Amino acid sequence: DALKKLIDEAAGAIKHICVNDLKQELQNVVLIDVREPEEFSSGYIKAKEILTIPRGKLEFVALDKIGKKYGFEQKIALYCLKG
């Protein structure tokens, strides 16, 4: 199935890190919380730079909110309710 292949390809290209690794990187990354607003209001990870972009809108606003503001080589870390 083409969709599964695309998802597997994307997952293989993404580096997954644990919370302890993220803590060490917080000064070097833009943290993106992809949860819905009501989930964000229940608590969030504090970082130097944090954006809230719900997962359903990420592809549509990523270039403007991330690339143009921070540069296209900026390291980012995304997190959601599931990890």
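Q: What share of the 83 residues is buried?
A: Buried residues make up 22% of the 83. Buried means under 20% relative accessible area, exposed over 50%, and partly exposed in between, with a 1.4 Å probe and protein chains only.

Q: What kind of model is this, and how are residues numbered?
A: The model is predicted: local features need pLDDT of at least 70, side-chain atom pairs count only at pLDDT 80 or more, and totals for chains, interfaces and linings use all residues. Residues are numbered from 1 along each chain as its sequence is written, and side-chain values use heavy atoms, leaving out hydrogens and water.

Q: How many helices and strands?
A: Four helices and three strands. From the N terminus, the order is α-α-β-α-β-α-β. These are DSSP runs, numbered from the N terminus: helices are H or I with at least four residues, strands E with at least two.

Q: Where does Asp33 lie?
A: Asp33 lies in strand 1, residues 30–33.

Q: Is Asp33 buried or exposed?
A: Asp33 is buried, with a relative accessible area of 0%.

Q: Which residues does Asp33 contact, beyond its neighbours within four places in sequence?
A: Phe40, Tyr44, Leu51, Thr52, Ile53 and Tyr79. Contact means heavy atoms within 4.5 Å.

Q: Switching to the whole protein, how big is the box its C-alpha atoms fill?
A: Roughly 40 × 30 × 30 Å, taken along the principal axes.
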